[in-house]
Amino acid sequence: RRDPMATAAVLVVACSCAFALATPIAILASVGAGAKQGILIKGGKYLELIPEIDTLLIDKTGTLTLGKPYLTDVIPVSTPQVGKAKAQHSLEHTQSQLLTLVASAERYSEHPLAEAVRYEAAQRGISLLEPDSFETIPGMGVKAQLNGDLVAVGNRRLIEDCCDGALIFPEEEQLLADGKTLLYVAANGEPSGILAAADNLRQEVPQAIEDIRRLGVEQIELLTGDNQDNASRLAEKLGVAFQAELLPEDKINIVKGYQARGHKVLMVGDGINDAPAISQADIG
């Protein structure tokens, strides 16, 4: 009589052991297949939760981008006004000094931007100084003691906190308009310069975003500690919402906000800055 309930009842009675084993075996197979693709699945409940996900929050650097930024500009805070030939030599000298300062301060940082700085220093044959102390400030940058000098490297918020006066960099607006990420530098409470870096979007990201939309995920949002200009440009390209200049605790609060409104949240990111939000999300 083609009654599905009757069919299921017969199968449960006749093959109860097979039914009891089918689900855990399927879950174990899925976990194993995920592991081969570099995906860690902590348990079956997360697989069961995936169809309920309606909100995707994504980090930028190293997630949407390749996470292999490269330096494009090294700009000391000022260049001595001397003869044309001497000015060029002086600029190169002050650039080397600034890069030495930043690369040494970032010597033990694991951030992709720090790797870009150290790589550029190595390419220029610059020897790094050994920091007397080193502190990572999540979502903002680093501080280090170098030969008695306190050096801060990070976003504008960090350097504003370290410096007494206003930060004025004539090149800043154009660099931001070019879509570059900026590292601000201060030494002993005084602005020392800025470094600009660029990163490339992963080729597969636009198609992946479209595929996720087709799966029924209604809200996709970019969360980043990067500046508003960079975030806006990338979000517009992908057709997603965004929030920029975020600290790790800001990302946690955003996840909690979505959950409080009844959403099931998937958080995708990398690095220490994203770990708290990933832990808070329903799936991370």
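These legends describe close-up views of a predicted model.

Local features are taken at pLDDT of at least 70 and side-chain atom pairs at pLDDT 80 or more, while totals for chains, interfaces and linings use all residues. Residues are numbered from 1 along each chain as its sequence is written, and side-chain values use heavy atoms, with hydrogens and water left out.

**View 1. Thr 224 sits in the loop between β8 (219-223) and α9 (228-238).** Helices (H or I, at least four residues) and strands (E, at least two) are DSSP runs, numbered from the N terminus. Thr 224 counts as buried because its relative accessibility is 2%. Buried means under 20% relative accessible area, exposed over 50%, and partly exposed in between (1.4 Å probe, protein chains only). Contact means heavy atoms within 4.5 Å. Leaving out residues up to four places away in sequence, Thr 224 touches Lys 60, Ala 231, Gln 243, Ala 244, Glu 245, Leu 246 and Lys 251.

**View 2. Asn 147 lies in the loop between β4 (141-146) and β5 (149-154).** Asn 147 is exposed, at 61% relative accessible area. Beyond residues up to four places away in sequence, Asn 147 touches Leu 129 and Asp 132. Leu 129 is 18 residues from Asn 147 along the chain, and their C-alpha atoms are 8.3 Å apart.

**View 3. The largest nonpolar core has 20 residues.** Such a core is a set of buried Ala, Val, Leu, Ile, Met, Phe, Trp, Tyr and Cys residues joined through side-chain atoms within 4.5 Å. Leu 71, Leu 99, Val 102, Val 117, Val 153, Val 185 and Leu 195 have the most contacts inside this core. Elements giving two or more residues include β2 (70-76), α5 (112-123), β6 (181-187) and β7 (190-198). Helix α4 gives the most, with five residues. Val 117 contacts Leu 71, Leu 99, Val 102, Ala 103, Leu 183 and Leu 195, leaving aside neighbours within four places in sequence. A second, separate core of 18 residues includes Ile 137, Leu 158, Leu 175 and Tyr 184.

**View 4. Helix α10 spans residues 248-260.** Its 13 residues reach 19 Å from first C-alpha to last, close to the expected 18 Å. That expected span is 1.5 Å times one less than the number of residues. The buried residues of α10 are Pro 248, Lys 251, Ile 252, Ile 254, Val 255 and Tyr 258. They lie on the same side of α10 because they cover an arc of only 160° around the axis. The arc is that of the directions from the helix axis to the C-beta atoms. Their cover includes β1 (55-58), β8, β9 (241-243), β10 (265-268) and α11 (275-280). Just after α10, Gly 262 takes a positive phi of about 90°.
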